[in-house]
Amino acid sequence: MRLWCEVEVLSQLLPSCGLQGRGRAARALVSLGRPPGGGGAGAGVYLMVCTARDRTGARYKVGTAGPGGARGVPGAGADRLCPQVQQNVERLFTRFVEQGKATVRLREPAVDLRLSKANASDLKTFLSALRLAHQGTDAGVLPLSTLVPAKNSEVEKPKTKMIISSRRDYPLTKSFPCSLEHLQTSYCKLARVDMRVLCLRKLRKLDLSHNHIKQLPATLGELACLQELNLHDNHLESFSGALCRSGLQKSLQFLDLSQNRLRALPLEFCELWALVTVKLDDNELVRLPCRVGQLSRLRFLSAARNRLPFLPYDFRRLCLENLDLFGNPFEQPNPLVPNIQLKIPLTLSECAARATINHGIPYGCHLLPSHLCEDLGVAKTCQCGSACLSSFIQITVTMSLHHVAHTVVLVDNMGGTDAPILCYFCSLRCYSQFLDRHLQSNG
């Protein structure tokens, strides 16, 4: 019976001396078994703790045994057998076993073995076997191991970070370590995301920059712990809406899509609620998602050197620390030249849609056809606060970007920090009222 975890050996005598004795836990292989060739009843059952610094291991008596052995000092030598003591396990502390933590208190020597970062299921099985061995259960029914020194690969700290910066270093035959939390594979000329990466469930940071990736698999969203995704300098032409509705909704905080071939982002992009930093520089974006204001946690946004003619109405809801929109061909706002899409009288569907949103009536695909739900999801908001869908008046007005960001990079070489933003009106009355105020303020 073997268990991989972190172990800290603490003396029970230190508190009586006024010492805390808090050490550092070490990656270890904890085995329950008998020494090689010790198949007889007098051999006893031992716990053996092997670490990278002591692969031979320190042994601690568990159950009843025969003739006495040498007293063991943890960490002092190779074959350290504790005195033969019946029921040497004084107590098992298992309150936090679901978190992979437990403590084994021994009588002789008077130490606590604190186990942590273990697989909860494996830890429960190990403690059950340890409890049986301590009670003197017949060795024939116990899952005992032969106590032999651990291999380097068994006790070395799991690899959590891997950086590959050339194609020749890319692993073709070996799998990635399943313990990886940070993986960078740059300048490897990858045309797609390696499916082996999708098995790294602990991955928090994935850097696939400077490759030739054209499309992202929807299964990338199964990396539920992923917080940072860097796709800088690839050949992406689209960003999947399915990814935006995956497990990345709650985990993804940093997203770099700069220097790709994106022309638009899906509406679902605004459902990546956890985003704090988004980089969209050097693409071919002609618009930003109309509901971008829903990204309430967004603090850093850069979309320099794209093809944005204006900003969506919802952009004014953002609260940013840093904003960079330099090098976009923003059009010159002209509130006196409206785009009139108003239909009079309003259609029945327009009236129903406006009433649904204005009165906060709940809706969903279980009640309405999916295309109607999509239309309601992109409803526009008039300056009076009412909703409008396909019947509206649209203009562009100037907005100071300092209204949405603390620090603003100049939008052009002339030192400007203003940008055109879309504005909607649900009726001729609302537009007329706006026009009166606009003409008075500029009169």
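What follows is a short chat about selected features of a predicted model.

Q: What kind of model is this, and how are residues numbered?
A: This is a predicted model, in which local features need pLDDT of at least 70, side-chain atom pairs count only at pLDDT 80 or more, and totals for chains, interfaces and linings use all residues. Residues are numbered from 1 along each chain as its sequence is written, and side-chain values use heavy atoms, with hydrogens and water left out.

Q: Let's start with the sheet of 9 strands. What is the strand order?
A: The order is β9-β10-β11-β12-β13-β14-β15-β16-β21, in an open sheet with parallel pairing. Strands are DSSP runs of E, at least two residues, and helices are runs of H or I, at least four residues, numbered from the N terminus. Two strands pair if DSSP finds at least two bridges between them.

Q: Which strands stand at the edges?
A: β9 (161-164) and β21 (405-409) do; each has a single partner strand, so one side of each is left without a neighbour in the sheet.

Q: How many bridges join β16 to β21?
A: Strand β16 (residues 320-324) is joined to β21 by 4 bridges, and the two run parallel. Leu-323 stands opposite Val-408 in β21.

Q: And the sheet of 3 strands, what's its order?
A: That open sheet runs β17-β20-β22, with antiparallel pairing. Its edge strands are β17 (339-340) and β22 (418-425), each pairing on one side only. Between β20 (residues 393-400) and β22 there are 8 bridges, and Ile-395 stands opposite Cys-423 in β22.

Q: Which helix lies across β20 and β22?
A: Helix α7 (residues 428-441) does, running at about 35° to β20. For such angles, axes are lines fitted to C-alpha atoms, for helices over the stretch in contact (heavy atoms within 4.5 Å). The angles run from 0 to 180 degrees between N-to-C directions.

Q: New topic: how many aromatic pairs are there?
A: The whole structure has 6. Rings of Phe, Tyr and Trp (its six-membered ring) pair if their centres lie within 6.5 Å; planes under 30 degrees apart count as stacked, over 60 as edge-to-face and the rest as tilted. One of the pairs is Tyr-170 with Phe-176, edge-to-face at 6.0 Å centre to centre and 75° between the planes.

Q: Are those two buried or exposed?
A: Both Tyr-170 and Phe-176 are buried. Buried means under 20% relative accessible area, exposed over 50%, and partly exposed in between (1.4 Å probe, protein chains only).

Q: Why is the pair of Phe-239 and Phe-269 edge-to-face?
A: The ring centres of Phe-239 and Phe-269 are 5.9 Å apart and the planes are at 75°, so the pair is edge-to-face. Phe-239 is in the loop between β12 (228-230) and α3 (241-244), and Phe-269 in the loop between β13 (254-256) and β14 (277-279), so the pair ties together parts that are 30 residues apart in sequence. Phe-239 is buried at 5% relative accessible area, and Phe-269 is buried at 3%.

Q: Back to Tyr-170. What does the side chain of Asp-194 do there?
A: The Asp-194 side chain makes a polar contact with the Tyr-170 side chain (2.7 Å). A polar contact is a pair of N or O atoms within 3.5 Å; within protein, one must be able to donate a hydrogen and the other to accept it, and residues adjacent in sequence count only if both atoms are side-chain atoms.
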